[in-house]
Amino acid sequence: VIRCQLSPPQRPLQASAVLRRASDEQKKEPLASSSQQQFDSHPTDHQPEQEPQGPRPSYTGQGGQESEDYESEEQLQHRILTAALEFVPEHGWTAEAIAEGAKTLGLSVAAAGMFHSDGSELILHFVSQCNTKLSDLLEQEQKLVQLGEAEKKPTDQFLRDAVEARLRMLIPYIEKWPQALSILLLPHNIPSSLNLLTSMIDDIWHYAGDQSTDFNWYTRRAVLTGIYNTTELVMMQDSSPDFEDTWRFLENRVADAMNMGNTANQVQSTGEAVVQGLMGAAVTIRNLAGLNQRR
Amino acid sequence: SPAGGASLRPCSTRVTLEGINKPVIDRIIRVDHAGEYGANRIYAGQMAVLGRSSVGPVIQQMWNQEKDHLKKFNELMVAYRVRPTVLLPFWNVAGFVLGAGSALLGKKGAMACTVAVEESISDHYNSQIRTLMEEDPEKYKELLQIIKQFRDDEREHHDIGLEHDAEAAPAYSVLKTAIQLGCKAAIFLSERI
């Protein structure tokens with residue numbers, strides 16, 4: 001095991017330095033060595049002249065990180081948060097869960113200090129991860145349709161399936177999800193959570209084949225957002241087997257939305273017919289009154 | 001049938017969105033789409049008033065070109081996954097009113113409006129071309145080509161307007177300044193909202 005003996009980094013990342021020192025106390029081979037290697041090589045990023053000569057040792061750490069030269073703080077945070085998810089059902093969306101997650105990676109529980117105490121980042125990370133999973137799923141389905149291996153779904157079924165797939169990702173965490181929802185509504189979280197919500201809805205419509213470039217673009221997304229949010233709330237209260245009440249609610253809401261489109265068209269046609277009727281009446285009156293003279 | 005009717009088709013055209021400067025491209029496509037939409041409505045308004053006059057065919061021909069432009073930007077908007085401006089319903093009405101209003105001032109009034117708008121649009125396209133050239137001419141080759149072509153078309157419309165005595169319109173310079181100010185405001189807003 002070759003370890004770089006580095007003098008304290010000139011631009012220390014407080015967190016990494018604390019963690020490195022603290023994890024010296026909590027050794028857990030081989031996890032510790034892989035995370036050590038990452039911390040040691042991270043400052044190397046800033047001080048290239050201190051890079052060790054000779055072949056770089058390869059570690060097969062957690063997740064096969066041997067090919068990475070360094071890990072950014074963001075990547076580290078992602079790893080901690082992902083590991084923390086496992087502890088959410090027990091501890092909720094809290095710093096405790098993050099601390100437990102950090103422990104499984106061989107880091108100090110002080111790692112939780114990198115994050116807000118209300119668990120915001122953990123929740124946002126989870127939501128972002130779910131959205132990515134949904135996008136990947138929809139992308140794969142689209143590929144199958146393009147290859148002709150699957151039938152193209154009608155819009156209402158596509159929307160239902162997409163929303164159901166996304167909501168099912170909440171099932172393992174459903175007990176603590178109401179807590180998460182309230183945290184997402186905190187003022188300092190609203191920009192991020194809104195952003196995540198709108199991009200997810202936009203993704204679903206995109207894969208559903210939406211090509212509107214007029215105000216419909218907004219109407220459709222607003223409608224789907226409403227469907228998603230209400231279904232999510234219903235799911236929180238649902239105690240039926242496999243949430244079948246929720247899916248039935250979803251089906252009804254999507255059907256309503258489809259009908260809304262039809263109703264809007266009908267209203268427009270009726271409106272046009274009425275206008276035409278009035279115009280016809282006006283012309284008739286003009287004729288009768290002898291006012292319709294050619295100029 | 002699905003909400004909104006006809007514009008749901010299988011998700012097909014997609015340019016690769018990796019590596020492009022999304023915020024810049026978003027703005028460009030959004031504002032250009034709004035511009036072509038507005039131009040369409042302006043010509044529609046002019047045709048409503050002057051459709052049966054001697055300049056009818058000229059306006060109709062320019063309108064047809066704008067329709068093609070709008071169609072192209074609709075495609076680009078879907079391909080780059082750009083959000084349209086919220087103000088579209090407003091430009092719908094405002095464009096029509098501007099077109100009809102200028103046409104009520106007479107044929108020269110309509111032509112003056114055309115000159116003012118087309119000059120604004122071609123200046124605007126020029127600055128977008130500069131922006132894209134500064135970013136990366138190779139990466140945005142297709143988009144640049146399209147914008148250059150459209151800029152040339154708009155310049156042509158501008159020249160046609162001048163040929164048809166736009167400058168003899170009543171209060172030509174006041175009209176032109178006012179319309180161009182409106183265009184600047186429309187561009188500013190459509191880029192952002």
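A:Asp256 and A:Arg253 form a salt bridge, with 2.9 Å between the closest N and O atoms. This is a predicted model. Why can these two side chains be about one turn apart? They sit 3 residues apart in helix H11 of chain A, so about one helical turn separates A:Asp256 from A:Arg253. A:Asp256 has 40% and is partly exposed. A:Arg253 is partly exposed as well, at 27%. Elsewhere, salt bridges that share partners link A:Asp202, A:Asp203, A:Asp210, A:Arg220, A:Arg221 and B:Arg81 into one network.

Stay on helix H11, which covers residues 244–288 of chain A. A:Arg248 and A:Asp245 meet there in a salt bridge, at 3.5 Å from N to O. These two residues are also 3 apart, about one turn of the helix. A:Arg248 is partly exposed, with a relative accessible area of 45%. For A:Asp245 the value is 36%, again partly exposed.

Now move to helix H5, residues 95–104 of chain A. Which partner does A:Glu100 find in a salt bridge? The partner is A:Lys103, and the closest N and O atoms lie 3.8 Å apart. That pair falls inside the salt-bridge cut-off, because the limit is 4 Å. The spacing is 3 residues, so A:Glu100 and A:Lys103 are about one helical turn apart. A:Glu100 is partly exposed at 23% relative accessible area. A:Lys103 is partly exposed at 34%. Over all chains, the whole structure holds 19 salt bridges.

Next comes a serine. A:Ser193 lies in helix H9, residues 190–208 of chain A. Is this residue buried or exposed? A:Ser193 counts as buried, because its relative accessibility is 16%. Leaving aside residues up to four places away in sequence, A:Ser193 touches A:Leu124 and A:Leu184.

Finally, the annotation. In an unreviewed entry, UniProt lists residues 190–261 of chain A as "domain: COQ9 C-terminal". In the model, that span is 82% helix and 0% strand. Its end C-alpha atoms lie 30 Å apart.

Notes: Residues numbered from 1 in each chain as written. Chains lettered and ligands numbered in written order. Predicted model: local features only at pLDDT ≥ 70, side-chain atom pairs only at ≥ 80, totals over all residues. Heavy atoms only, no water. Helix = DSSP H or I, 4+ residues; strand = E, 2+ residues; numbered from the N terminus. Buried < 20%, exposed > 50% of the residue type's maximum accessible area, 1.4 Å probe, protein only. Contact = heavy atoms within 4.5 Å. UniProt positions renumbered as here; feature names shortened; annotations may be inferred. Salt bridge = Lys/Arg side-chain N within 4 Å of Asp/Glu carboxyl O.
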